[in-house]
Amino acid sequence: MRCDHCSHDVPDGVFCTRCGAHQGTTYEFGNARTREHRYAAHPAEHVAQPSVITTLFPHLGHHKVHEFRWALIVGLAGVLVLYIAGLITAAILVSAFLVPVLYLIYLYEAQVYKDEPAVVLGFTIGGGVIAGIVVTLLVHLIYNPLANNPNPLGQPTINIGAVLLLGVLVPVVQEVIKPLPAIFLPNRADFPETVDGLVFGVAAGLGFSLAETLINFSSTIASLPAHVEPGNWIYPLATIAVLQPVLQGSATGMIVATIWRQRLGKLRGREIGGIVMALLAHLAFSGGGQLLAQTSINPLFIIIWQAAIVGALLVYIRYLLHHALLEEAAHMGFAETVCPSCHMHIVASGFCPNCGMALTAAPSHIKRSRRERDEATTRTTRRG
Ligand SMILES: [Zn+2]
Ligand SMILES: [Zn+2]
C-alpha cells in the first residue's frame with residue numbers, strides 16, 4: 001500500500017513503517033502525522049504521560065518496563081521500611097543509590113553502549129560522579145550550611161544570599177558542567193541517534209546527583225546515631241530517592257539530547273525550548289525549594305512543588321524525543337524482526353507497522369540481529 005503521508009510503498013499496517021505516521025488521513029486522536037497519542041518509544045502511552053521509567057529508560061521492551069517499575073517500587077518500599085524502623089543513615093544510603101544503580105542495570109540490559117561498555121560508562125556515569133564531587137565540594141567551600149544557619153531559634157527568616165547562591169547560581173553552574181562528560185565521549189560518532197544522547201545525559205546527571213547527595217549528607221551520615229526517631233526524615237528521603245536524581249538526570253538528558261540534535265543539523269525551536277526548560281525547571285526546583293524551606297510551610301508542599309516540576313520536565317523530554325524519533329527514522333531496509341513493544345513478528349523498516357514503535361529506540365541486541373540478518377539477505381541476493 002501507499003502511505004498517505006510520505007507517499008512510499010509500504011507493507012500493510014496501522015502505522016507507516018517508513019515515516020511512522022498513522023495510516024489514513026483521519027485520526028480520531030488528532031494529527032495522524034505526529035500521532036501524539038502514541039509515544040514513539042512506548043506506543044502504549046501518550047506523549048504527555050509523566051512516567052519516569054518509560055521516559056528515562058527509553059530502550060526497554062514492554063515487559064522489561066514492568067520489571068524496572070517493580071524494582072523501583074520495591075526499592076522505595078525498602079526505604080520506607082528503614083525510615084519506619086528509624087534506620088535513617090541506611091535509608092539515606094539506599095535512597096541515594098537506588099535510581100543510579102537501576103540505571104546501570106538498564107544500560108547493561110539494553111546494551112546502549114554497544115561494544116564499548118568501559119568507555120561509555122566511564123564518560124557518562126563516571127564523569128558525572130567526578131563532576132559532582134568537584135562542584136559540590138567547591139559549593140561547600142563557599143557556603144557552609146551549618147555556619148550560615150539562617151534561623152537558629154526556629155524563626156523563619158529569608159536568607160536572600162542562600163537563595164541566590166543555592167537556588168540560582170549553583171543550578172546554572174551545574175547545568176553547564178553536567179553535560180560535559182557526555183559531550184567529551186571520544187567515540188560518540190558511533191552513537192548518532194538522539195535517543196542515545198538522551199540516555200548518556202541522564203547517566204551523567206545521575207552520577208552527578210549521586211555524588212552531590214553523598215557529599216551533602218556526609219556529615220549527617222557520619223554524625224547520626226544508627227537508630228533515631230523517624231520524624232520529618234520522610235521528606236528529605238523522598239527528595240533523595242526520586243525527585244533529586246530524576247531532576248538532575250532529566251535536565252542533563254534533555255541538554256545532551258539537544259546537543260546531539262545540533263550535530264544532526266536539526267536544531268529547532270523545540271530543542272532550544274528544551275534547554276530553556278531544563279534550566280528553568282532546575283531553578284524552580286532548587287530556588288523555589290530554598291525559598292519555601294525558609295518559610296514555615298509544611299514540607300509536604302515543597303515535595304508537591306518539586307514533583308510537579310519533575311513531571312513537567314519528563315513530559316517535555318518525551319515531546320522532544322517523540323519528534324526526534326519520527327524525524328530520524330532512516331530507511332533501514334525491510335527486515336523481519338519481533339517488535340519489542342507489541343511482540344508481533346513484523347517486516348519493518350523504521351517503525352513497527354502494528355503499534356508504531358520507533359525501532360531506533362529498540363535495545364541494541366535487536367538492532368544488531370536485524371543488521372546481521374539484513375546483511376545475510378543482501379549476500380544471498382547477490383549470490384543469486
Ligand atoms: Zn509514511
Ligand atoms: Zn509493535
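This is a predicted model: local features need pLDDT of at least 70, side-chain atom pairs count only at pLDDT 80 or more; totals for chains, interfaces and linings use all residues.
Gln111 is placed in the loop between H3 and helix H4 (117-142). Although Gln111 is not a glycine, its phi is positive, at about 45 degrees. Most residues other than glycine have a negative phi.

A positive phi is also found at His343, again a residue other than glycine, with a value near 60 degrees. His343 belongs to the loop between strand S1 (335-338) and strand S2 (345-348). With 14 other C-beta atoms within 10 Å, His343 is partly exposed.

## Ser95 in helix H3

Ser95 is located in helix H3 (residues 88-110). Ser95 has 26 C-beta neighbours inside 10 Å and therefore counts as buried, the cut-off being 20 or more.

Once its neighbours within four places in sequence are set aside, Ser95 is in contact with Val79, Leu237, Ile240 and Ala241. Among these partners, Val79 in H2 and Leu237 and Ala241 in H9 also take part in the meeting of those two helices. Val256 stands 161 residues from Ser95 along the chain, and the C-alpha atoms of the two residues are separated by 25 Å.

## Packing of H2 against H9

Two packed helices are described by the angle between their axes and the distance between the axes. For helix H2 (residues 62-84) and helix H9 (residues 234-263), the angle is about 155 degrees and the axes are 11 Å apart. H2 is therefore roughly antiparallel to H9, angles over 145 degrees being counted in that class. The crossing of H2 and H9 is right-handed.

On the H2 side, the residues that meet H9 are Leu76, Val79 and Tyr83, and their counterparts in H9 are Ile234, Leu237 and Ala241. By class, this contact of H2 with H9 consists of six nonpolar residues, with no polar and no charged ones.

## Packing of H9 against H10

H9 also packs with helix H10 (residues 269-293): their axes come within 9 Å and cross at roughly 160 degrees. This angle makes H9 roughly antiparallel to H10. The crossing of H9 and H10 is left-handed, whereas that of H2 and H9 is right-handed.

H9 contributes Leu247, Ala251, Met254, Ile255, Thr258 and Arg261 to the contact, and these meet Glu271, Gly274, Ile275, Met277, Ala278, Ala281, His282 and Phe285 in H10. The residues of this contact of H9 with H10 comprise nine nonpolar, three polar and two charged.

## Overall architecture

The protein contains twelve helices and two strands. Along the sequence, these elements follow the pattern α-α-α-α-α-α-α-α-α-α-α-β-β-α. The radius of gyration of the protein is 23 Å, close to the 21 Å that the globule rule gives for 384 residues, so the protein is as compact as a globular protein of that length.

Taken along the principal axes, the box filled by the C-alpha atoms of the protein is roughly 85 × 40 × 35 Å. Of the 384 residues, 42% count as buried, and Ser95 is one of the buried residues. Among contacts in the protein with a separation of 6 or more, 70% are accounted for by residues 24 or more positions apart.

Conventions:
Residues are numbered from 1 along each chain as its sequence is written. Chains are lettered from A and ligands numbered from 1 in the order in which they are written. Axes are lines fitted to C-alpha atoms, for helices over the stretch in contact, and angles run from 0 to 180 degrees between N-to-C directions. Helices (H or I, at least four residues) and strands (E, at least two) are DSSP runs, numbered from the N terminus. Angles under 35 degrees count as roughly parallel, over 145 as roughly antiparallel, 65 to 115 as roughly perpendicular and the rest as oblique. A crossing is left-handed if the near helix is turned anticlockwise from the far one by less than a right angle, and right-handed if clockwise. Two residues are in contact if their C-beta atoms, placed from the backbone, lie within 7 Å. Ala, Val, Leu, Ile, Met, Phe, Trp, Tyr, Cys and Pro count as nonpolar, Asp, Glu, Lys and Arg as charged, and the others, Gly among them, as polar. The radius of gyration is taken over C-alpha atoms; the globule rule is 2.2 Å times the number of residues to the power 0.38. A residue is buried if 20 or more other C-beta atoms lie within 10 Å of its own, exposed if 12 or fewer, and partly exposed in between; C-beta atoms are placed from the backbone.
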